[in-house]
Amino acid sequence: MRKFVRPLLCGMMAMALVTGCSKKQEAGETTAKEKVEETSEGDLAAGEQAAEIDLGEVTSLGEYKGLEITRMSTEVSDEELDARIQSILDANPEYVAITDRAAENGDIVDIDYVGMKDGVAFDGGTAQGYKLELGSHSFIDGFEEGLIGVKPGDEKSLNLTFPEQYHSEELAGQEVVFDVTVNGIEEKKDAVLDDSFVQRMSDFSTVDEFKADTLADMQEEKGQQADQQLENDIFLAAVENSEFELNQEAVDNQYNNQLSYYSSMVSMYGMELADYVSMFGMTEEQFQEDLLKSAEISIKQQLLVKAIAEKEGLQVEEADRELVAEQYGMDVKTLQDTYGEEAVDTTAMMYNVVNFLKDNANIK
C-alpha cells in the first residue's frame, strides 16, 4: 500500500464521524461535507453525508487477543538529531545590516514604494517597510533588477511594464512607474549553531541545552508515532485474522465519499486531482485503486469493532465521548450536534476496542 492513502485506524475513526451520521437530514441542515468546506477540517470528513447502508458481516471472527506486535523503536540517532538541527538552522538564517556597500543579488532590501499608472497610484501598488529579497522574482520583471546597486537612503523611480497575462485586467500590459525609497539593506547569512544562535531562537543559553531539548522533542514525536503505528498494526492484525462478507454498496459509498473529499480538497487550491497525486508519484488510476482498498479495509474495521464490542460486552461511557471530543477540539455536545450522537458513540467504541486489543496484546 502506498504511503499516500492511509486506510488505517485514524482515518477510520475520522470517517465514522461522517458516515455514521444519522440518515435523515432536516431541510436546510448543513451537510457534513459543507461543514468541512467551511472549516477546512479535512480530518473530519470524506464527502457528502450518506444514508445508512448495511456494511456486511464478519463471517469468521479470528484471534484478536494475545496478538504479537512489535513496537517501532523510539531511539533518535545522532544523524537524525543533526539533520533536525540543520533544518532549524536553514529555516532561521541571520540577517546582517549592510552599510558599506550597494545592494547585491540575494540581499534583502527594506523599501517603501508607490506604483502609479498615468500619474495616479493604483490599488495594491503601495507598501511601506516591505522586505524584498533581490533575485526572488517576487515582483514583476525589472523591479528587483532595478534595485541592484542601491544604497540605504536612495530614492529611485522604476519605469516598468506589467505582463500581458497579469491577473489584473486594469494593469495587464500597462506601463507604470514605481517610486521606491530604500530604508535599509540586509545580507542573509547561514546560521551557525552557537550560544548566540541558541539565545536568539530559544529560551536556552547554551548549545548543549538546545540540543537536549531538541532531542527530547524528537523522542516525544517518535513515541507518538510508535503508539499510532502500534494501534494500527494491532487493529490490522485482527482484521487479517478474520473473514468478512462486505456489502459492495457500502464499499462503493465509502469509496465515493473519500474520492469526493479529496477532489473537493484539491479544488480549493485550484488543482486537479491528477495533478495533486502526481506530486506523490502516482497516477489518478493508481490513487483510485488505493482508495478502493482503503474503503474495503475501513468497512472491515467498522465490522470488526462491532463484533469485538458485542463479544466482549464493551460499552461507551461519557468519559469515552469526552475523549473523542477532546481529540477534535470540541465539547461533547458540539460534536454530537455536528455529527450526531450515533457517530460520536461509534467513534468512541473504536477507541475502546483499540485499547482493548492493545491491553490484551503481546507487545515487543
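## Overview

Of the 364 residues in the protein chain, 40% count as buried (under 20% relative accessible area; exposed is over 50%, partly exposed is in between, using a 1.4 Å probe and protein chains only). This is a predicted model, where local features need pLDDT of at least 70 and side-chain atom pairs count only at pLDDT 80 or more, while totals for chains, interfaces and linings use all residues. Residues are numbered from 1 along each chain as its sequence is written, and side-chain values use heavy atoms, with hydrogens and water left out.

The chain's secondary structure comes to 11 helices and 9 strands; these are DSSP runs numbered from the N terminus, with helices being H or I of at least four residues and strands E of at least two. Take the contacts (heavy atoms within 4.5 Å) between residues at least 6 apart in sequence: 74% of them join residues at least 24 apart.

## How H3 meets H5

Two packed helices are described by the angle between their axes and the distance between the axes. For helix H3 (residues 78-91) and helix H5 (residues 207-240), the axes come within 10 Å and cross at roughly 110°. Axes here are lines fitted to C-alpha atoms, for helices over the stretch in contact, and angles run from 0 to 180 degrees between N-to-C directions. H3 and H5 are therefore roughly perpendicular to each other; that label covers 65 to 115 degrees, with under 35 being roughly parallel, over 145 roughly antiparallel and the rest oblique.

For the classes, Ala, Val, Leu, Ile, Met, Phe, Trp, Tyr, Cys and Pro count as nonpolar, Asp, Glu, Lys and Arg as charged, and the others, Gly among them, as polar.

## H11 and its crossing with H5

H5 also has a crossing with H11: the two axes come within 10 Å and cross at roughly 90°, so H5 and H11 are roughly perpendicular to each other. H5 brings Leu230, Glu231, Ile234, Phe235 and Ala238 to the contact, and H11 brings Val353, Val354, Leu357 and Lys358. The class tally for H5 with H11 is 7 nonpolar, no polar and 2 charged residues.

What about H11 itself? Buried residues in H11 include Ala343, Val344, Thr347, Tyr351, Val353, Val354, Phe356 and Leu357.

## Around strand E5

Ala127 sits in strand E5 (residues 120-133) and counts as buried, because its relative accessibility is 17%. Leaving aside neighbours within four places in sequence, Ala127 is in contact with Ile111, Asp112 and Tyr113. The C-alpha atoms of Ala127 and Asp112 are separated by 5.6 Å, with the two residues 15 apart along the chain.

Asp118, in the loop between strand E4 (108-117) and E5, has a positive phi of about 55° although it is not a glycine, and it counts as exposed at 71% relative accessibility. His137 is in the loop between E5 and strand E6 (155-161); its phi is also positive, near 60°, in a residue other than glycine. With a relative accessible area of 63%, His137 is exposed.
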